[in-house]
Amino acid sequence: MVWRLPSATTSSGFSPDGRTLATASSRVVRLWDVATGQSVTALTDPDSSVEELTFSPDGTTLATCADETVRLWDVATGDVVRTLAITDPDDKLHGVKFHGVAFSPDGKSVATTSTDKTVRLWDVASGKTTATFADDTIARDVAFSPDGTTLATASGDTVRLWKIDS
């Protein structure tokens, strides 16, 4: 099966049940019914182009990574439930962009990578940062281990493993 999309796709991902495919094209994320190939929902990021996306483990939330924000979308309604952004009272981090995003296996946390050379853990319910790891490179991707105790980040020819305190 081949689908022709309305514009170039920057990211895609299946829902955990495999019934929905999310694709990001510029500022629009489309949710597709895999069985029919039909677009069922279009989510529009108001600020910038979506570069990365991932579903929560239960499939009810979609995280999108676009420049200076990570948005958490309710898949059923298409509403933004939370926006994650790096805030700095001294504005030294203005313009920090996100590159990677991943849900923890239990769906309670999100990990992000960004241009300020950090890896952050965020509480999904509150939107607050719960941990920050300093890196010496800009990681482009992030993933949780299946048990949720380790993060892996990838940058160029380097992969780092980060132990998460519980």
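Predicted model: local features only at pLDDT ≥ 70, side-chain atom pairs only at ≥ 80, totals over all residues.

**Surface and overall build**

I began with the accessible surface of the protein chain, which comes to about 8800 Å². Carbon and sulfur atoms own 49% of that area.

Next I looked up burial. Of the 166 residues in the protein chain, 42% are buried.

Then the dimensions. Along the principal axes, the C-alpha atoms fill a box of roughly 45 × 35 × 35 Å.

Among contacts with a separation of 6 or more, 35% come from residues 24 or more positions apart.

How many helices and strands does the protein chain have? I found zero helices and 15 strands.

**The open sheet**

I picked out an open sheet of four strands, in the order β5-β6-β7-β8, and its pairing is antiparallel. Which strands stand at the edges? They are β5 (52-55) and β8 (80-84); each has a single partner strand, so one side of each is left without a neighbour in the sheet. From one strand to the next, the twist averages 15 degrees.

I zoomed in on one pairing there. Strand β7 (residues 69-74) runs antiparallel to β8, and four bridges hold the pairing. One bridge I wrote down: W73 has V80 in β8 as its partner.

**The β11/β12 hairpin**

Strands β11 and β12 run antiparallel and are joined by five bridges. I noted that T118 has A134 in β12 as its bridge partner. This hairpin has five residues between the strands, and G127 takes a positive phi near 80 degrees in it.

Most residues other than glycine have a negative phi, so I kept an eye out for exceptions.

K117 is one: its phi is positive, about 65 degrees, although it is not a glycine. Where is K117 found? I traced K117 to the loop between β10 (109-114) and β11 (118-123). Its relative accessibility is 38%, so K117 counts as partly exposed.

S26 is another non-glycine residue with a positive phi, about 60 degrees. It is found in the loop between β2 (20-25) and β3 (28-33).

**Aromatic pairs**

Searching the whole structure gave me two aromatic pairs. I followed up the one made by F133 and W162: the ring centres are 5.4 Å apart and the planes sit at 40 degrees, so I logged this pair as tilted. The pair links distant parts of the chain, with F133 in strand β12 (residues 129-134) and W162 in strand β15 (residues 158-163), 29 residues apart. Are F133 and W162 buried or exposed? Both are buried.

Methods. Residues numbered from 1 in each chain as written. Heavy atoms only, no water. Helix = DSSP H or I, 4+ residues; strand = E, 2+ residues; numbered from the N terminus. Buried < 20%, exposed > 50% of the residue type's maximum accessible area, 1.4 Å probe, protein only. Phe/Tyr/Trp six-rings, centres within 6.5 Å; stacked < 30°, edge-to-face > 60°. Pairing = 2+ DSSP bridges. Axes fitted to C-alpha atoms, helices over the stretch in contact; angles between N-to-C directions. Contact = heavy atoms within 4.5 Å. Areas by Shrake-Rupley, 256 points an atom, 1.4 Å probe, with all protein chains shown as cover.
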